[in-house]
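My notes follow in the order I checked them.

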Amino acid sequence: MGRAVLVLHGPNLDRLGTREPAVYGTATLPEIDASLVRLGEALGVGVTTLQTNHEGVAIDRIWAAADAGVDGLLVNAGGWTHTSVALRDALAGCGRPFVEVHLSNVAAREPFRHASLLAPVAAGVVTGFGAASYELGLRGLCAVLDRRADA
């Protein structure tokens, strides 16, 4: 594998498949992760994943991934999207492009979900396509990495 991508899943995403399936779908996190690893193999990208309910763990992993030379990140920060300046600062400061993803269409949900602290520093945002949001996000991230390699 030529490139390396970290997929970072935030709080409560370990409950996918059983948590509000009408909103988040029935795909489980292990199913989503396996799909991303398969897609990564097809795209020539090594995919590693981490889910955590602890903000400090997520921030430490972002910095560790950057230090280890990861090329980019795919991030579903869950509720931290709307609240975490610290997560935003780590993503903005790590020097790696990232794509923000969400399973649900956050713009069609409660007003507090409409504002993302991450989107202004993200390479792109994919939202509302269920588990496919992750695959679309990985494809988008690979396009960003390709453009950077060509520049």
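Next I looked at accessibility, where buried means under 20% relative accessible area, exposed over 50%, and partly exposed in between, with a 1.4 Å probe and protein chains only. Cys 94 is buried at 6%. Cys 142 is buried too, at 8%.

**Ground rules.** This is a predicted model, so I took local features only at pLDDT of at least 70 and side-chain atom pairs only at pLDDT 80 or more, while totals for chains, interfaces and linings use all residues. Residues are numbered from 1 along each chain as its sequence is written, and side-chain values use heavy atoms, with hydrogens and water left out.

I then traced an open sheet of five strands, order 2-1-3-4-5, with parallel pairing. Strand 2 (45-51) and strand 5 (124-127) are the edges, each pairing on one side only. Neighbouring strands are turned by 20° against each other on average, direction ignored. That angle is between lines fitted to C-alpha atoms, taken between N-to-C directions on a scale from 0 to 180 degrees. Strands here are DSSP runs of E, at least two residues, and helices are runs of H or I, at least four, numbered from the N terminus. Two strands pair if DSSP finds at least two bridges between them. Strand 1 and strand 2 pair over seven bridges, in the parallel sense. At His 9, I found Gln 51 of strand 2 standing opposite.

**Positive phi.** Which loop holds Asn 12? I placed Asn 12 between strand 1 (3-9) and helix 1 (21-24). Its phi is near 75°, positive in a residue other than glycine. Asn 12 is partly exposed, at 38% relative accessible area. Glu 20 lies in the loop between strand 1 and helix 1. Glu 20 is not a glycine, yet its phi is positive, about 40°. I noted Glu 20 as partly exposed at 41%.
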